[in-house]
Amino acid sequence: MSAVLERTLARVGPVDHSARAAAARTLDAKTKPRGSLGRLEEIAQRVAGIRHDAAPGRLRAAVVVAAADHGVAREGVSAYPQEVTRQMLANFDEGGAAVCVLARVAGASLRVIDAGVGEPTGNIAEGPAMGRAEALRWVEAGVAVADELAADGVGVVAVGEMGIGNTTAAAALCAALLDVEPAATCGKGTGVDEAGLAHKVEVVSRALRVNELSDDPVAVLAALGGFELALLCGLALGAAANHQVVVLDGFITTTAALVAARLAPAAPDSMIAAHLSPEPGHRLALDALGLEPLLDLGLRLGEGSGAALALPLLDASLAILAEMATFESAGVTDAGR
């Protein structure tokens, strides 16, 4: 393990339960029946604990999308050709992708990172995606992104990805980490048909057979993951170390978060699941992390679109905590006392 990663893991600790409890008391004092704003109140309390601040205020948010190509795309596991990854980078640059629109709606900045577009990983159906040292390099790159965002005053990091073939890599990685059959983690991704899904399961099964897997999360990531998955793992770890809120998008980002959780068991406490993807492995990964998604809209685009869509909910919860009147300030009788 690298020195950078060791230092980062040492900084990932528990959330501040006293700050969370104080935020809960503040919300109970607002002009409403206690708990009547449901999960909005839970979100505000969770953010208070993550930030170690009972009154975190409304936080600056950034959406980070990591893009990469995968050697396993050569197996024909996607409905789209591999060149779409690079074409979508141009679409991001022009502001035309769904996540660009949703980030603008949320008032969040958008950062797109080229994590190996045009330079795909090895084909996991034939051998490892990358070497362990290379996986560590991308994890460290993700930590550096989190640190840059923290220095820029960003308190909420929404994570997304883009890469043809990456649902196959995520399905293999998730199956290995959770010790389940490939059929339990493989979905239709970009929209393959039933025959395409069966082929995808077979490819993932091959990947699990041909790669030597161990209990080392970084080694498993190197064998089955992708450059963007490694970067997102490091981003999640760095953000947790910085007391930043990590908003997960769909199956692929949640699988990267699973690796982060194996390296730092406290890391999931800094995460919020934006939505539930139709990919079957997503629910398994969320359950393993102990996270309940905010939305269930059938989203399966990726790009961080679901994470960006959830940001206004998070902002609304913090606005309630900071700006809503209390019974005392409004002169309203508190029937709950």
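Q45 counts as buried because its relative accessibility is 16%, where buried means under 20% relative accessible area, exposed means over 50% and partly exposed lies in between, with a 1.4 Å probe and protein chains only. Q45 sits in helix α3, which covers residues 39-51; helices (H or I, at least four residues) and strands (E, at least two) are DSSP runs, numbered from the N terminus. Not counting residues up to four places away in sequence, Q45 touches R20, A23, A24 and L27, contact being defined as heavy atoms within 4.5 Å.

This is a predicted model, in which local features need pLDDT of at least 70 and side-chain atom pairs count only at pLDDT 80 or more, while totals for chains, interfaces and linings use all residues. Residues are numbered from 1 along each chain as its sequence is written, and side-chain values use heavy atoms, with hydrogens and water left out.

**Overall form**

- The secondary structure of the protein comes to 14 helices and five strands.
- For 337 residues a compact globule would have a radius of gyration near 20 Å, and the protein agrees with this, as its own value is 20 Å; the radius is taken over C-alpha atoms, and the globule rule is 2.2 Å times the number of residues to the power 0.38.
- Taken along the principal axes, the box filled by the C-alpha atoms of the protein is roughly 70 × 40 × 35 Å.
- Among the contacts in the protein with a separation of 6 or more, 81% are between residues 24 or more positions apart.

**Surface and charge**

- Of the 337 residues of the protein, 55% count as buried.
- The accessible surface of the protein is about 13,200 Å², and 52% of this belongs to carbon and sulfur atoms; such areas come from the Shrake-Rupley method with a 1.4 Å probe, and for residues only the protein chains shown count as cover.
- The protein has 26 positive and 40 negative charges, whose mean positions are 5 Å apart; Lys and Arg count as positive and Asp and Glu as negative, without His and the chain ends, and each charge is placed at NZ of Lys, CZ of Arg, CG of Asp or CD of Glu.

**The aromatic pair**

- The structure holds one aromatic pair, formed by W138 and F227, which are stacked at 5.7 Å centre to centre with 25 degrees between the planes.
- W138 lies in helix α6 (residues 132-151) and F227 in helix α10 (residues 227-241), so the pair ties together parts that are 89 residues apart in sequence.
- Rings of Phe, Tyr and Trp (its six-membered ring) pair if their centres lie within 6.5 Å, and planes under 30 degrees apart count as stacked, over 60 as edge-to-face and the rest as tilted.
- Both W138 and F227 are buried.

**Residues in loops**

- V192 belongs to the loop between α7 (166-178) and α8 (194-210), and V192 counts as buried because its relative accessibility is 10%.
- Leaving aside neighbours within four places in sequence, V192 is in contact with V77, S78, A79 and L197; the C-alpha atoms of V192 and A79 are separated by 5.4 Å, although these residues are 113 apart along the chain.
- D179 also lies in the loop between α7 and α8, but D179 is exposed, with a relative accessible area of 71%, and its phi is near 55 degrees, a positive value in a residue other than glycine.
- E303, in the loop between α12 (280-289) and α13 (305-323), has a positive phi near 70 degrees, although E303 is not a glycine, and at 5% relative accessibility E303 counts as buried.
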